[in-house]
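Hello,

Here is the structure I said I would pass on. My notes on what was found in it follow below.

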Amino acid sequence: MKTFCGRANPTTGAMEWLEEDENYDYHQEIARSRYADMLHDKDRNEKYYQGIRAAVSRVKERGEKAIVLDIGTGTGLLSMMAASSGADFCYAVEVFKPMANAAVKIVKKNGFHDKIKVINKHSTEVTVGPDGDMQCRANILVTELFDTELIGEGALPTYEHAHKYLVQEGCEAVPHRATVYVQLVESKRMWAWNKLFPVHVEAEDGEKIIVPPSEMENCPGVPSVCDIQLNQMPSSDFTVLSDVVTMFSVDFSKPVRSASTYYRVQLEPIKSGKAQIVLSWWDIDMDPSGMINCTMAPYWVKHTSAFQWRDHWMQCVYFLPNEEPVLQGEKLYLIASRDEYSLWYKLQKARGEEESKADVLLESPVCRCQAHLLWNRPRFGQLNDKNRTLQYVKSLMKVLKTDSVCLCISDGSLLPVLAQYLGAKQCMHTSRTDLYHPHELLYAVFLANHLEDKIKIIEARPELLTSSHLEDKKISVLVGEPFFATSLLPWHNLYFWYARTAVTDHLTSDVTILPQSASLHMMIVEFQDLWRIRSPCGTCEGFDVQTMDDMINNSLNYRESKEAEPHPLWEYPCKSLSDPQEVLTFDFRKTVPQHRFSTKGSVSLLRKGKSHGAVLWMEYYLAADISVSTGLVQISNEKGNCEWNPHCKQAVYFFSSVIESETLSDLPSAVAYAINFDTKTGEIAMDFKL
C-alpha cells in the first residue's frame, strides 16, 4: 500500500506530496537506529551477561525455576543470554513489529525457540495467566530501557507497571540499580549554548553593542537535556566547581514510582566561580553487591585505559535557570526535579530547612523568551561566536552604502541589526515563516536595542513578497547567513538561493548578494569510533545476530540511493585520508538554473588507514577574501587529525565497504565520486567507488 506524505522541502521551500511505501517509517526507524552501536558495545554486553548469569544462579540456588521477563528485547540478545545461562523460560517483549519479527528469527537461528517466547506488545499490554501472554509472573526482570538521561525512554513507568503486574515480589533485576551523578561547573563555552551574549560591533561612529532582551537573560529555558560526548570536551573549556556527588539511585528489584518528585543534595564548592552548568551521567550495577558495574563517567572521573566508546548512552549537560556566583566552602543545595521522562536542576543557598523545602520547583521550567524554543544549542553557540560575527561585520562594511536598502533572508538572524549599526539606510527581515515563527523573538531583540522602528519584520515568506511589503522600494543589498531552522544537512541552507531567485523582481539591477556564492567540499576520513553505528556485527557475545545486520542494511538501501546523514563531528574524532576538495559551486549572484548539474572526479588518498566514508560541508563566500565554513576548520597535525566547526552538523556518507590500507603502497590511489545536484528538488545525490 502507498501513502501520500506531505513535507516542506528543506532546500527549495516548496510543499511536496511524496508517495511513500507504508513501511517507509519502519525503514527510517531501523536505518537510523542505534542497534548496531549497542551490539558493538562490548562493555555493556559483557556486564549484562555477567549480571544475568549471576541472577539465574541466585534463583536456582533458592530451588526455584528461573522465569525471565525481558522488556524491550530488541534483537533478543539479553533473553538468549538468560537461556544460555540456564533460565527455564524467557518472555521477550518488543513493541516495534519489525524488530519483534527479527528477534523471532534470531532466537530460532540460535536454537532457543523452545526457551524464548517473543511477545510483540507494549509491556503495559502484556497479560499473565493460563490464557495470557505469560503463564506466570517472572522472578527475573531484565531490561535495557535507558537513554543518556536514564529516564527519557520511559523506564520509570515501565518498571512501575512491571512490578505491579508482571513480576513476583522480591524478584531479581538486571540491572539491579542505577545511580545518577552530578558535578557543578562553570563553562563559558557550554553557557553560550543557552544564553545570547552581548555582541560588540566596531562601526565607523564608534563601538555599538547588540544587547539580548532582559526576558532572555532571565529565562529558565527548557527542561530538555543537552546530551553530548563529554569525552570530547577539553578540560580547558570548563572549570570544576564541586566534587562529583550522587544525586539519586533507583533500585529496580523493588517497586518503582514514576510520579514527579525531587532529590536534594548538599554541595560545598571546591572553588569559587560562576555556577552555570550541571554535568551528569549514570552507572548501573548489574548485581546487588555492585561488583558488576557499567559506567558512563567521563574521562576526568574514570581514569582507565579500557575506555568504552558508545553513542547510545552519552553524558548530560543541564543549564541552571540562572548563573549564580558561588564561594569556595559555602553550603549549597542542588535540587534535581523530575517527571516521568525528564530532569531539571536548581541551585539553592543553604537556609532554614522548611524555607528551603518550600522553594523546590516541581513544575518543569517553561521558556518565556521563545529563544530556547526556536534556537537549538548549536544555534546559540553560532550567534555567540565572535569570530564568525566579525566575518559578517567585515563583509557588510565592504558592501553597505549610506543609501543601501537591505533585506535579510534567514531564520532569527542578527544580520539586520548589524546592517543597521553599520550604516544601511533601511533594513528588512523575512524568513521561512510557515515553519518557523521568529517574529516575536526578533521584535524583542530589536526592542531591547531601540531598533523596533528602524527594522521592518515582514511576515511573509520570500516567495510571497510583494512591492507593498517592501514599501515599493528595490533591494540593493540582499543578505543571509544563511541559516534556516529546518535544515538538517549542510546543503539544505541553499534555500537562500531559491529565496533569492523568488525575490529577483524586487532587486536593483546592481544588487549586492551576500554571501555571493557557496561551495560544497568533501574529504575522505577514517573515524576513530563513529563507524561502529553503521558497521555489521555478525556475532555478539557468541550469538549470531546477522539477521539484524541484514535488516539494517536493507533499510539503509531502501531508497535506490544511499543518503548522507548529519553528525556534529567535533564530538566524533576522525583523521583525514585525503585533502579537502571543492566539488560543486553555487553562484548566488545568478538565479537557480533550470538544469541539474553534476560533477565526477576522484580524490587521492594520502594517508594509510580505513576509508570509512566521506564528510561533506558547505563554505560561504561573503565578499572578496571573506568566507565562513560549516565544516573543516583545520587539519591539526601530520597524522591528519581534524578540527570541525562546533556549531554545525556535517554530512557523513558511510561507504558500504571499508578499504583498509596498512602501508601507502597498498593504498587504493583514489576514491572516485559522482555528485548530482537536482535543482528542481534541491537534493544532492552521491555515489563513491573505492
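Charges over rings

Arg379 lies over the face of Phe483, 3.8 Å from the ring centre. In a second case, the charged end of Arg53 sits over the ring of Tyr49, at 4.0 Å from its centre. Please keep in mind that this is a predicted model.

Aromatic pairs

The whole structure holds 27 aromatic pairs. In one of them, the ring centres of Phe238 and Trp300 are 4.7 Å apart and the planes are at 50°, so the pair is tilted. Phe238 is in the loop between strand 11 (226-228) and strand 12 (239-240), and Trp300 is in the loop between strand 16 (293-295) and strand 17, so the pair ties together parts 62 residues apart in sequence. Phe238 and Trp300 are both buried.

Trp497 and Phe597 make an edge-to-face pair, with 6.4 Å from centre to centre and 70° between the planes. Since Trp497 belongs to helix 15 (residues 495-502) and Phe597 to strand 31 (residues 597-604), this pair ties together parts that are 100 residues apart in sequence. Trp497 is buried, at 3% relative accessible area, and Phe597 also counts as buried, at 17%.

Cavities

There are 4 cavities of 30 Å³ or more.

Regards

Notes
Residues numbered from 1 in each chain as written. Predicted model: local features only at pLDDT ≥ 70, side-chain atom pairs only at ≥ 80, totals over all residues. Heavy atoms only, no water. 1 Å grid on protein atoms, 1.4 Å probe; cavity = no way out; pocket = protein on both sides within 12 Å on 5 of 7 lines; lining within 4 Å. Points joined across faces, edges and corners; volume = space filled by probe spheres on them. Phe/Tyr/Trp six-rings, centres within 6.5 Å; stacked < 30°, edge-to-face > 60°. Helix = DSSP H or I, 4+ residues; strand = E, 2+ residues; numbered from the N terminus. Buried < 20%, exposed > 50% of the residue type's maximum accessible area, 1.4 Å probe, protein only. Lys NZ or Arg CZ within 6 Å of the ring centre and 35° of its normal.
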